[in-house]
Amino acid sequence: MSGLPANAIGAALNVTATESTGPGFLTVHGFGTPRTSASSLNTLPGLTVPNHVMTPVADGKVSVFNSWGGSNHVITDLLGYFTQS
């Protein structure tokens, strides 16, 4: 995902899963950091599912983990980010 500066420590995103092939979930987390066990959004075949996500950021990047549910197209919109002052 582009748009995050290297010094960002958190981000506000709108994450949308579409064209899912199976039920499952996505988890958004800081790039290269351990992911939590909580889902950021749940996916279902045939549905487009959006959710507002607040997540840590590492090296100006985030990662999206896709569970066992099948393939998805994932759309991320950057709403804002946080830096340390």
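This is a predicted model: local features need pLDDT of at least 70, side-chain atom pairs count only at pLDDT 80 or more; totals for chains, interfaces and linings use all residues.
1. Terms and model. Two strands count as paired here if DSSP finds at least two bridges between them.

2. Sheet layout. Three strands form an open sheet in the order E4-E1-E6, with antiparallel pairing. E4 covers residues 49-56 and E6 covers residues 73-83; both stand at the edges. Each of these two has a single partner strand, so one side of each lacks a neighbour in the sheet. From one strand to the next the twist averages 20°. Strands of a sheet pair through backbone hydrogen bonds, and the pairing can be parallel or antiparallel.

3. E1 and its partners. Strand E1 takes in residues 8-18 and is joined to E6 by 10 bridges. The two run antiparallel.

4. How enclosed is E1 by the rest of the structure? Nine of its 11 residues are buried, so E1 is largely enclosed.

5. Nonpolar core. The largest nonpolar core has 13 residues. Leu4, Leu13, Val15, Val28, Leu41, Val57 and Val62 touch the most other members. Which elements give two or more residues to this core? They are E1, E4 and strand E2, which spans residues 24-30. E1 gives the most, with five residues.

6. Aromatic pairs. A pair of aromatic rings is described by the distance of the centres and the angle of the planes. The count here is two aromatic pairs. Phe25 and Phe65 make a tilted pair, with 6.3 Å centre to centre and 50° between the planes. Phe25 lies in strand E2 and Phe65 in strand E5, residues 62-66. The pair thus ties together parts that are 40 residues apart in sequence.

7. The other ring contact of Phe25. Why is the pair of Phe25 and Trp68 called edge-to-face? The planes stand at 80°, and edge-to-face applies to planes over 60 degrees apart. The ring centres are 5.2 Å apart. Trp68 sits in the loop between E5 and E6, 43 residues from Phe25 in strand E2, so this pair too links distant parts of the chain. Phe25, Phe65 and Trp68 form one aromatic cluster.

8. The three residues fall into separate classes. Phe25 counts as buried, at 15% relative accessibility. Phe65 is partly exposed, at 26%. Trp68 is exposed, with a relative accessible area of 69%. The cut-offs behind these labels are under 20% for buried and over 50% for exposed.

9. Charges over rings. Arg35 lies over the face of Phe65, at 3.5 Å from the ring centre. Phe65 thus has a charged residue over its ring as well as Phe25 as a ring partner. Elsewhere, the charged end of Lys61 sits over the ring of Phe31, 4.5 Å from its centre.

10. His29. This residue is found in strand E2. Is His29 buried or exposed? It is buried, with a relative accessible area of 12%. Leaving aside residues up to four places away in sequence, His29 touches Pro34, Arg35, Thr55, Pro56, Val62, Ser63 and Phe65.

11. Met54. Its place is in strand E4. At 52% relative accessibility, Met54 counts as exposed. The cut-off for that label is over 50%. Which residues does Met54 touch, not counting those up to four places away in sequence? They are Ala11, Ala12 and Phe82. The C-alpha atoms of Met54 and Leu13 are separated by 6.3 Å, although the two residues are 41 apart along the chain. In a regular strand the side chains alternate between the two faces of the sheet.

Methods. Residues are numbered from 1 along each chain as its sequence is written. Side-chain values use heavy atoms; hydrogens and water are left out. Helices (H or I, at least four residues) and strands (E, at least two) are DSSP runs, numbered from the N terminus. Axes are lines fitted to C-alpha atoms, for helices over the stretch in contact, and angles run from 0 to 180 degrees between N-to-C directions. A nonpolar core is a set of buried Ala, Val, Leu, Ile, Met, Phe, Trp, Tyr and Cys residues joined through side-chain atoms within 4.5 Å. Buried means under 20% relative accessible area, exposed over 50%, partly exposed in between (1.4 Å probe, protein chains only). Rings of Phe, Tyr and Trp (its six-membered ring) pair if their centres lie within 6.5 Å; planes under 30 degrees apart count as stacked, over 60 as edge-to-face and the rest as tilted. A charge sits over a ring if NZ of Lys or CZ of Arg is within 6 Å of the ring centre and within 35 degrees of the ring normal. Contact means heavy atoms within 4.5 Å.
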